[in-house]
Amino acid sequence: MSRSHHLHHSRHSHVEVNPRSAQNMTTRQKPKKENGISPLKLFGQMSAAIAIITFLFVRLPGLEVEGSRMFGIFLAAILLWVTEAIPLAATATLVIFLEVLFVSDHAIIPVGEEAPKYTVFFGALANPVIILFLGGFMVADGAAKYKVDRALSAVLLKPFLGKPRLTVMGVMLITALMSMFMSNTATTATMFAVMMPVIMALPVGKARTGIALSIPVAANVGGMGTPVGTPPNAIALGALQTAGISVTFLDWMIAAVPLMLIVLAVSWLFISWRYIPKDAQFDIDMTAKFDMSRNAKIFYVVSLLTILLWMTESLHGVSANIVGFFPVVALMVFKVMSGDDLRALDWPVLWLVAGGIALGSGVGNTGLDKWMLGSIQWGSIPTIMLLLVLALVGWVTSNVISHSASANLLIPMGMGLATTISTPATEIAIVLALGCSLGMCLPISTPPNAIAYSTGTTPTREMAIVGIVVGVLGVVLLSFVAPLTWGALGVI
């Protein structure tokens with residue numbers, strides 16, 4: 001997940017891994033202009049401005065005025081997200097502002113009564129999916145505050161001690177489990193805090209690289225499992241809700257968890273075979289304890305109840321989005337979390353998701369999606385090949401730009417295909433979201449990779465090898481196997 005969390009020192013380790021510094025390490029070699037703006041970012045800024053201004057005055061054949069303007073905004077968003085010319089969240093807010101200013105019924109120059117209402121775009125900031133993610137963020141930050149993540153890791157690792165490859169399996173399972181409900185970044189940082197003493201005690205070589213690589217791989221794969229696991233999942237749910245399609249929390253898990261477990265298992269087999277000798281020795285500190293203070297106990301109850309309600313949505317009928325607001329309210333009312341904790345949540349990611357929802361609304365409401373896709377005979381492409389293309393595009397794109405930006409760009413366009421082919425919009429959205437989450441070939445692909453790279457234990461070449469193996473396997477399963485089960489399981 002592309003969001004940052006404060007990282008905590010381990011009581012038993014002097015190693016602290018900061019994803020922000022890790023990201024700086026991966027980008028410090030880029031050429032810079034004297035004013036601090038790289039040529040790529042300058043290109044992105046200028047090209048985005050040209051795109052916006054040009055399509056204010058140029059009307060594309062087959063599109064209304066608002067559709068042409070939306071094309072300029074869409075093109076600008078692509079340029080800004082790909083080049084990261086401005087922060088990703090800043091691009092999201094710019095998208096919403098430009099849509100209100102130039103595309104809505106309150107545009108500076110009226111574009112007709114058919115223009116979308118400006119409240120549609122502002123409403124993205126309070127979309128129910130944003131509330132769902134807000135609840136997930138609150139639970140994740142509470143787990144870090146009360147050190148539940150560290151204690152849970154110590155408890156869950158105990159059955160896996162003794163044999164090195166079994167220990168790596170335990171590390172990956174725990175990382176994936178935590179990543180389903182916490183940010184991938186926070187999960188990776190926690191696991192590295194627990195495991196760094198073990199990693200650094202190993203001689204330089206394959207074993208050290210293997211156990212270090214197992215953590216970001218498991219964090220990235222585990223995030224696929226739940227709607228709150230990673231922003232692409234939330235972006236897909238937001239786009240589906242905008243289209244009037246409801247996918248419950250449990251439905252998403254039914255669709256994603258089997259795929260997640262298979263990819264995780266094969267990843268473990270490959271990492272164990274390539275990196276972990278059978279005679280390696282791991283010495284892991286297991287002394288972390290659960291906080292038994294009043295506030296911690298309340299946090300345990302609220303978190304467990306929230307997760308239970310999420311997973312039983314189809315039984316009680318209360319939307320997962322509504323349940324997502326429960327931990328925010330309960331933890332604040334009982335003073336388990338404070339206003340400072342609320343301010344510390346990763347709001348830029350929430351704005352980024354909102355920007356993606358607003359972009360999807362604009363593309364759909366102005367007819368831009370149909371215009372962009374109408375010139376291609378999608379119906380002549382076999383469904384199974386179409387899903388492969390979509391999954392590959394999501395995977396390749398998310399290796400070079402953020403997973404969130406990839407999902408924001410691809411999901412609105414991909415869902416437009418549902419009106420021209422026989423593939424359901426739900427299937428397309430899930431394939432694209434999960435395909436984006438599989439991108440993990442480079443240190444810049446995702447914050448967990450950046451954290452691993454910053455430790456100095458994971459050469460880029462080895463990260464790329466593992467990322468390609470995991471990604472290609474995931475794309476093949478996502479395209480040819482997983483969709484066959486979704487209809488039978490009632491997800492689609």
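User: Where is the place of D341?

Analyst: D341 sits in helix α16, residues 339-344. Helices here are DSSP runs (H or I, at least four residues), numbered from the N terminus. This is a predicted model, where local features need pLDDT of at least 70, side-chain atom pairs count only at pLDDT 80 or more, and totals for chains, interfaces and linings use all residues. Residues are numbered from 1 along each chain as its sequence is written, and side-chain values use heavy atoms, with hydrogens and water left out.

User: Is D341 buried or exposed?

Analyst: Buried means under 20% relative accessible area, exposed over 50%, and partly exposed in between (1.4 Å probe, protein chains only). D341 has 16%, so D341 is buried.

User: How do I read a pair of packed helices?

Analyst: Two packed helices are described by the angle between their axes and the distance between the axes. Axes are lines fitted to C-alpha atoms, for helices over the stretch in contact, and angles run from 0 to 180 degrees between N-to-C directions. Here, α6 (residues 128-145) and α11 (residues 231-242) pack at about 155°, with axes 9 Å apart.

User: Why are α6 and α11 called roughly antiparallel?

Analyst: Angles under 35 degrees count as roughly parallel, over 145 as roughly antiparallel, 65 to 115 as roughly perpendicular and the rest as oblique. At about 155°, α6 and α11 are therefore roughly antiparallel to each other.

Methods: Helices (H or I, at least four residues) and strands (E, at least two) are DSSP runs, numbered from the N terminus.
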